[in-house]
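Trainee: Please pick one spot in this model and look at it closely with me. After that, carry on through whatever else stands out.

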Amino acid sequence: MSGVWNRHQLPGGLPLFVQQRTGPAVLAARLWIRGGSGSDPAGQRGLHQLLAGVLSRGCGDLDAEALADLVEGRGAALRCEASEDGLVLSLKCAAEDASELLPLLIAMVRRPHLEASQVELERQLNLQTLQRQREDPFQLAHDQLRVQLFGHGPYGHDPLGVDSELDQLGPAQLEAVQPTLGEAGAVLVLCGAVETPALASLEAALTATPWTVAPPTAAPGPGATAGSRLEGCCQDTEQLVLMLGAATVPLGHADGVALRLLQAHLGLGMSSRLFVVMREEYGLAYDVGVHLPARRGATPFVWHLSSSSERAAQACHCLLDEWQRLLQQPLSPQELDLAKAKFLGQDAMGRQTCSQVADRQALVMGHGLPQEFVATSLERARSLSADALLAVAQKHLHRPHLSLCGPQEALASAAAAWQNHPLVAA
């Protein structure tokens, strides 16, 4: 039946969740492995993202070129990337090719080549990306806020890592961590036209290359390590980027749904509170929004705003006014209804394709949450009151941190507005 998840257990213990969907004969697969950049060893920040990039550069009996030819020759897409909490291997292919391509996910984890030339190529690509990021004021402000909220702990760096540490990584470090993949749990999700030969190919692959693994559990993730509440990064640009944020609760926490309703109210669409106030009423924003990722540990709740350097003080003051309003004034009935409609509509929009459905289910199961977590969250959202949202805001958002990036004069103006605002003095 479409929409129903059927659970299986593959050889070695790997949990498999399958949802059959009618429509085009395609299949989306997600192999979520607990770990990610939050598990980078000390002095090796960037290790898991480097490993993720190299896993698709040859595995099993296929070198990098042969693997690319096989996947691209079937019109399929195969990638691997690291988030803060996991490695995610993704495959999308025609159902008729699934029995040939699905075993690649197992081979990438159990029999990667990790050839020196491919490791060096991936490492140079990551170093170049980090270099480009240092030219982006938005990225600089974001990285600065990471440190303010999480110090140099597991969540304190971009998954790409840190130049000086990434520069020292090579095949030896990858070979040391690769055998540990799955020790903290893993889960495989298939969505689409899932046929019996495809499942049989997975069983054969795990029988030939055993992998002992268990489902991820809902163990506590990394917490916050609050640092300076105000930091500035000088960059000679015409604009100022402001990021105002606080570390909140993990995905699955009882207060998480309320925070996501606040995110919808504040930053989702052109009717959102921050867009209307900062852009439409005051003309302060080139760009404005709210970022609330899904994390196993403390999750950053971040507002971002870019404005002209000449209006730095006003932009900072208005942003702080809005944060203070969130802590003092409940949403009106109309605002609450709109936030709920956006939240529910966003959920519906996020499950239109097999890939979207597989992404979400892998995220939920990878965090060790119940299979019905999404449905439960939607029901909870419908029942929350404005007073409940206000209480959650006051509990988790009462002490924000501000990260600035822009020209020196704008930094000074925004910093003065910060220091003089009642929200900071409180």
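Mentor: Let's start with Q49, which, apart from neighbours within four places in sequence, is in contact with E81, A82, N126, P159 and L160 (contact means heavy atoms within 4.5 Å). Bear in mind that this is a predicted model, where local features need pLDDT of at least 70, side-chain atom pairs count only at pLDDT 80 or more, and totals for chains, interfaces and linings use all residues. Numbering runs from 1 along each chain as its sequence is written, and side-chain values use heavy atoms, with hydrogens and water left out. Q49 sits in helix α1, residues 47-55 (helices are DSSP runs of H or I, at least four residues, and strands are E runs of at least two, numbered from the N terminus). With 13% relative accessibility, Q49 counts as buried (under 20% relative accessible area with a 1.4 Å probe, protein chains only; over 50% is exposed, and in between is partly exposed).

Now hop over to A29 in strand β3, which covers residues 26-34. A29 is at 0% relative accessibility, so it counts as buried too. Setting aside neighbours within four places in sequence, A29 is in contact with L89, S90, L91, L102, L105, V189 and L190. The C-alpha atoms of A29 and A358 are separated by 6.6 Å, though the two residues are 329 apart along the chain.

L114 is worth a glance for its backbone: its phi is positive, about 55°, yet it is not a glycine. You'll find L114 in the loop between α4 (103-110) and α5 (116-133). L114 counts as buried as well, at 6% relative accessibility.

On to the cysteines. A search of the whole structure turns up 0 disulfides (a disulfide being a pair of cysteine sulfur atoms within 2.5 Å). For C191, the nearest cysteine sulfur belongs to C354 and is 4.2 Å away. C191 is buried, with a relative accessible area of 0%. C318 is in no disulfide either; the sulfur of C316, the nearest cysteine sulfur, is 9.5 Å off. C318, at 10% relative accessibility, counts as buried.

The whole structure has 1 cavity of 30 Å³ or more (on a 1 Å grid over the protein atoms alone, a set of points where a 1.4 Å probe fits but cannot get out; lining residues have an atom within 4 Å of a point). The largest cavity holds about 80 Å³ of space. Its lining is made up of H142, L145, R146, L149, F150, Y155, H291, R295, P300 and V302. Helix α6 (137-150) and strand β12 (300-308) each supply at least two residues of that lining, and α6 gives the most, with 5 residues. By class, the cavity lining divides into 6 nonpolar, 2 polar and 2 charged residues.

The largest pocket (an open set of points with protein on both sides within 12 Å along at least five of seven lines) holds about 990 Å³. Of the 39 residues that line this pocket, L251, R260, F343, R360 and L363 are the closest to its centre. Elements supplying at least two lining residues each include α10 (256-267), β11 (287-291) and α13 (333-349). Helix α10 gives the most to the pocket lining, with 7 residues. That lining has 19 nonpolar, 13 polar and 7 charged residues.

Methods
Grid points are joined across faces, edges and corners, and a volume is the space filled by probe spheres set on the points. Ala, Val, Leu, Ile, Met, Phe, Trp, Tyr, Cys and Pro count as nonpolar, Asp, Glu, Lys and Arg as charged, and the others, Gly among them, as polar.
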